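This report walks through selected local features of one protein model. Keep the sequence and the structure in view while reading.

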Amino acid sequence: MDTRLLFLISCFIARLSFSLSGELNSFESVPDLEKSMYTIVDGYPCVRLLNLSGEIGCSNPGHGKVAAPVVKFKNVNQLVEPSAILVSLDELDSLLARVSKDTNFASLVAGILVESGTPGGNNFKGFSPELKFPEAEFAPYQNKNFEWNPSGSGIMWKAYNFPVFLLSENSTLALLEAATKNEKSKESYTSDVAEFGLVMQTTKSGTHDSESCLREETCLPLGGYSVWSALPPINTSTSQKSKPIILAVTSMDSASFFRDKSLGADSPISGLIALLGAVDALSHLNGLHLSKQLVFVVFTGEAWGFLGSRRFLLELDQHSDAVSGLDFTLIETVLEIGSVGKSFDQGVKKFFVHTTEAASISNQTLDALKRAQDSLKTENVKISVASKSNPGIPPSSLMMFLRKNPDSSGIVLEDFDTAFTNKFYHSHLDNLSNINASAIAAASSLVARSLYILASEKNEINDSVLTAISVNISFIDELLGCLLDCEPGLSCDLVNQYISPSAACPSHYVGVIQGEPSSSPYPGYVGDVSRFLWNFLADKTSVPTENRSATCPKHCSGTGELCIRGETDGKGVCVVSSTRYVPAYSTRLKFESDMWKLLPTNSSDIMGAADPVWTESNWDTITLRVYSVQHASYDRLILLLGIAVTVAAYIAIVITRSVIRKALKRD
């Protein structure tokens, strides 16, 4: 009997070993095992931003990751445990409103997962996480309650002590499946949970405003590099009297509730593309002779307290190298190209001109726009002056010029009159489908011809010359694909002529400024779009060098010479151009001894006093994944069963041994 019992035990152990070895052999490595257990979720996070008053945006509440079962918001009346809430975009505002009002409910929100896609139906009026009057504190007029952005909810300006992610299309399907599975298996002992890794350094260190986080080095200032260029190049070595300046401006950065999903197709990239199309058209004019100096400026950081334009004006005051050749007193007028991608209405491209109170020069600019309109006879372009009921110009870089000098002359060209036509302002939905290419091309033609009229002597302007200023429609279409789509994105041929981009998919969030600010920054510290603009504008506004065979940087040392296209082949080309980078960051900050320091307020600087000093928290990695877990009650049940089995086995062994002994004695 002993032999038979030993044989059975041996067989059991052998079978157990075989099954375990077979299970283990199916995984060749630990990463394979992890892949079978965890599903990595593609998403775009809302991150933690800070200013002098406090913080906004999202972060895990503590020092570690957060995991919670996935539930659908529309099926939840009350939460009974910490949960990851899956919500459609049209329900997000109401969910966040409930979080702000119901503290018990908010305490059980472990995280929010926002489904991808644009909601349909007549009830969806738009989605803009911005305020109804964006950046009202910088407005040069008293009415701060005017609603330029009626769709604005303001949710991006609040702080949330839980992670929020926008899901990709594939991830949305996976999370919907997980939430549905959890609903159907309420009586089971497993559930699918989402694990959020959104741990911000400012949360870990307890630095909850810009001043403290900069001091502890747990954050970096928002910022980047603006670009300006002159047509023709400015000769700073000559003693000739400088010409009056016609300044054409636009911006390159947008904002969103979700950091890396900030396309800003209509606001502001449509204006950027229109300006680039105008520069391209003007560059093809042979023998361009202008009585005034054309200067193009593309600001960054405008969505975050007008960082670019305020720093540009400060650099002008300081006569720094970044603005060498420019003088604020010589700026005759400013023509700003704002949102122009939604001006297409029943076949007519309709634009609105928002003017400053400096009537005489502004009227000249308006006259130039109307003459340009008349020259575009077949384009169905219509220009109207914005309503006098508006409190002033809409949120724009021109506001900063007016704050510096209330008598500044300028206009803002927009696709709206009294309120934004863009229902997705500063939203991830302001994408390529939200704009019209023909409207941008019409705006580009309008700007190109207007700039030529403004910069030329009246007796030199005729219809044949204006007709020759023709915007390349294919160029506009190519820019749309480069700057607003992932296919081809920044990997497009146009961009690759000038730079080697770090990523294909574009995002126009300003980012953070790294290293010491400079007019000749290390290229790795400059964003892809800024580097492309610098190279493109330097090329289009350049004149040939005396040594046309010169390659750079070794042989590119003549007066006004720059090296362009150096990234693409390692050699580059020398051109003569007045194109410069201008650092864009808060005027209240100074980089000193390898760290950022906050400057005291200056009572004479009204704009500086209103400066929030935006910073972004550091972090290690941001992760989001889904996996199945057993409920704690099930674990406890298994523990009790294990103890019971162990006790029963012990009793069985004792009884068996007793029986065997008695049997042996009988034998």
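This is a predicted model: local features need pLDDT of at least 70, side-chain atom pairs count only at pLDDT 80 or more; totals for chains, interfaces and linings use all residues.

Which residues form a negative surface patch? The patch consists of E216, E217, E516 and D594.

## The negative patch and its surroundings

E216 belongs to helix α7, which spans residues 210-216. Its relative accessible area is 49%, so E216 is partly exposed.

T218 sits in the loop between α7 and β11 (219-221). T218 is buried, because its relative accessibility is 8%. Its C-alpha lies 9.8 Å from that of T615, although T218 and T615 are 397 residues apart in sequence.

## Salt bridges across the chain

The count of salt bridges is 16. One of them pairs R625 with E195, with 2.6 Å between the closest N and O atoms. R625 is in strand β26 (residues 623-630) and E195 is in strand β10 (residues 190-197), so this bridge ties together parts that are 430 residues apart in sequence. Both R625 and E195 are buried.

A second bridge joins D280 and K540 through their side chains, at 3.0 Å from N to O. Here too distant parts of the chain are linked: D280 is in helix α8 (residues 265-283), K540 is in helix α16 (residues 528-540), and 260 residues separate them. The burial of the two partners can be read from their values. D280 has a relative accessible area of 5% and is therefore buried. K540 has 21% and is therefore partly exposed.

Where do E315 and R311 lie? Both are in helix α9 (residues 307-318), four residues apart, or about one turn of the helix.

## Aromatic contacts

How many aromatic pairs does the structure hold? There are 25 aromatic pairs. In one of them, the ring centres of F133 and Y141 are 6.1 Å apart and the planes meet at 35 degrees, so this pair is tilted.

Are F133 and Y141 buried or exposed? F133 is buried, because its relative accessibility is 6%. Y141 is buried as well, with a relative accessible area of 11%. Elsewhere, F146, W148, F416, F420 and Y425 make up one aromatic cluster.

## Cis peptide bonds

The peptide bond between L231 and P232 is cis, with omega about -10 degrees. P232 is placed in the loop between β12 (224-231) and β13 (245-251).

A cis peptide bond also runs from E487 to P488, where omega is near 5 degrees. P488 is in the loop between α14 (473-484) and α15 (493-496).

## Positive phi angles

What is the phi of H319? It is near 50 degrees, a positive value in a residue other than glycine. H319 lies in the loop between α9 and β15 (331-337). H319 is exposed, because its relative accessibility is 60%.

R565 is another residue other than glycine with a positive phi, near 60 degrees. R565 occupies the loop between β20 (561-564) and α17 (566-569). Its relative accessible area is 26%, so R565 is partly exposed.

Notes
Residues are numbered from 1 along each chain as its sequence is written. Side-chain values use heavy atoms; hydrogens and water are left out. Patches are made of residues with over 30% relative accessible area and no salt bridge: like charges are joined within 9 Å, nonpolar side chains (Val, Leu, Ile, Met, Phe, Trp, Tyr) within 5 Å. Accessible areas come from the Shrake-Rupley method with a 1.4 Å probe; for residues, only the protein chains shown count as cover. A salt bridge is a side-chain nitrogen of Lys or Arg within 4 Å of a carboxyl oxygen of Asp or Glu. Lys and Arg count as positive and Asp and Glu as negative; His and the chain ends are not counted. The place of a charge is taken as NZ of Lys, CZ of Arg, CG of Asp or CD of Glu. Helices (H or I, at least four residues) and strands (E, at least two) are DSSP runs, numbered from the N terminus. Buried means under 20% relative accessible area, exposed over 50%, partly exposed in between (1.4 Å probe, protein chains only). Rings of Phe, Tyr and Trp (its six-membered ring) pair if their centres lie within 6.5 Å; planes under 30 degrees apart count as stacked, over 60 as edge-to-face and the rest as tilted.
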